[in-house]
Amino acid sequence: MNETLKEIDVIVSEVGPRDGLQMLKRVMPTEIKHRWITALAAAGLPEIEVGSFVSPKLLPQMADAEEVARVATTIPGLTVLALAPNLRGAERAFGAGVHKLSMPVSASHLHSKANINMTPEEAIAQVAKVCAMRDRMAPDQRPEVEVGVSTAFGCTMEGRIDEDWVIRLAVMAAEAGADTVGLSDTVGAGNPAQVKRLFTALRRELGVKAGGGHFHNTRGQGLANVVAALEAGVTTFDASQGGMGGCPYAPGASGNIVTEDLVFMLEAMGLRTGIDLDRLIAARAIILEGLPGEPLHGHVPDAGVPLGFVPASQVGAGL
């Protein structure tokens, strides 16, 4: 276990290098990706999703995933996370040495087919195959496998998603061998009451295997949904620097929650993230070196922190 996690109340998992870049028509140069990830880690991000192991024909932005992952694993104390939708992608990710693998399983049948060309049930079968492969590895070399239940709060193609089905799917993923199972608001359809209800049910069903939250700010609910998830006991959240990203196979999926705004909110609430906000904001400049003119969002980078603000990480506050 990363020793620094003992001093953290809430884990902020940076997904910009994967989720943030996959929507773009431009490709960030590999060398800039290395520098960006290094800067994020130096700011205190404990976990970074560095890429997606899919066909470069589908996502040319991720063609350098192996190289990016291998370099990232040399950064001391950083948990290197990558996404793979199937066994073939997982083999590549494991070969690159990632510490954790994220597998998407969509609760929406239409989104699942559009995103990974599988039904939800077929996606679960892939999770089982990947977990079986993981279990054949030496115990000290086994990556964690986490599943994110996509479109858990609604889908732009299918509309409302039955909440009981979301939880059943999460249970299926856990039974297939996933170490943790979280919930993703892929298209920003969720609201705080729904988020608290679903995460409460998830934790009741899965216990220690209940994972984190992935929220989008498409309709301005992102940080409110984080607070609702916190109230349900969730302690891990995805975010993307500058609010970059979304899902290219889900119409209307835009606006990941902004890492800088999330870190400020958590620290202001007295929850330690271990992240230096000034160094985090400074890392935005590296994005613009590789992607000149790319729109970056965030209230805190624009307005600054309030006078007298002291981060929880500096005063030792806890849950």
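Student: Okay, helices α8 and α9. At what angle do their axes cross?
Tutor: Roughly 30°. The axes come within 8 Å. Helix α8 covers residues 192–206, and helix α9 covers residues 222–231. Keep in mind that this is a predicted model.

Student: What does that angle make α8 relative to α9?
Tutor: Roughly parallel, because angles under 35 degrees count that way.

Student: Is the crossing left-handed or right-handed?
Tutor: The crossing of α8 and α9 is right-handed.

Student: Which residues make the contact?
Tutor: From α8, they are Pro192, Val195, Lys196 and Phe199. From α9, they are Ala224, Asn225, Ala228, Ala229 and Glu231.

Student: How many of those are nonpolar, polar and charged?
Tutor: Six are nonpolar, one is polar and two are charged.

Student: Now α7. At what angle does it pack with α8?
Tutor: About 35°. Helix α7 spans residues 163–175, and the two axes are 10 Å apart. The crossing of α7 and α8 is right-handed.

Student: Which residues meet there?
Tutor: α7 brings Glu163, Val166, Ile167, Ala170, Val171 and Ala174. α8 brings Gln194, Arg197, Leu198, Ala201, Leu202, Glu205 and Leu206. By class, the contact of α7 with α8 has nine nonpolar residues, one polar and three charged.

Student: Let's zoom out. How many helices and strands are there?
Tutor: The protein has 14 helices and eight strands.

Student: Why call it as compact as a globular protein of its length?
Tutor: Because its radius of gyration, 18 Å, is close to the 20 Å that the globule rule gives for 319 residues.

Student: What box do the C-alpha atoms fill?
Tutor: One of roughly 50 × 40 × 40 Å, taken along the principal axes.

Student: And what share of the residues is buried?
Tutor: Buried residues make up 56% of the 319.

Student: New topic: Ser150. Where is it found?
Tutor: In strand β5, which runs over residues 144–150.

Student: Buried or exposed?
Tutor: Ser150 is at 8% relative accessibility, so it counts as buried; the cut-off is under 20%.

Student: What does Ser150 touch?
Tutor: Setting aside residues up to four places away in sequence, Ser150 touches Pro104, Val105, Ser106, Ala107, His111, Ser184 and Thr186.

Student: And Thr151? What is its phi?
Tutor: Positive, at about 50°, although Thr151 is not a glycine. Thr151 sits in the loop between β5 and α7. Its relative accessible area is 0%, so Thr151 is buried.

Student: What about the phi of Asn117?
Tutor: It is positive, about 55°, and Asn117 is not a glycine either. Asn117 lies in the loop between α5 (109–116) and α6 (120–135).

Student: Is Asn117 buried or exposed?
Tutor: Exposed, with a relative accessible area of 58%.

Student: Last stop, Glu66. Which helix holds it?
Tutor: Helix α3, residues 65–72.

Student: Which residues does Glu66 contact, leaving aside neighbours within four places in sequence?
Tutor: Phe53, Arg92 and Ala96.

Student: What separates the C-alpha atoms of Glu66 and Val98?
Tutor: A distance of 9.3 Å. Along the chain, Glu66 and Val98 are 32 residues apart.

Terms used: Residues numbered from 1 in each chain as written. Predicted model: local features only at pLDDT ≥ 70, side-chain atom pairs only at ≥ 80, totals over all residues. Heavy atoms only, no water. Axes fitted to C-alpha atoms, helices over the stretch in contact; angles between N-to-C directions. Helix = DSSP H or I, 4+ residues; strand = E, 2+ residues; numbered from the N terminus. Parallel < 35°, antiparallel > 145°, perpendicular 65-115°, else oblique. Left-handed = near helix turned anticlockwise from the far one by under 90°. Contact = heavy atoms within 4.5 Å. Nonpolar A, V, L, I, M, F, W, Y, C, P; charged D, E, K, R; others polar. Rg over C-alpha atoms; globule rule 2.2 N^0.38 Å. Buried < 20%, exposed > 50% of the residue type's maximum accessible area, 1.4 Å probe, protein only.
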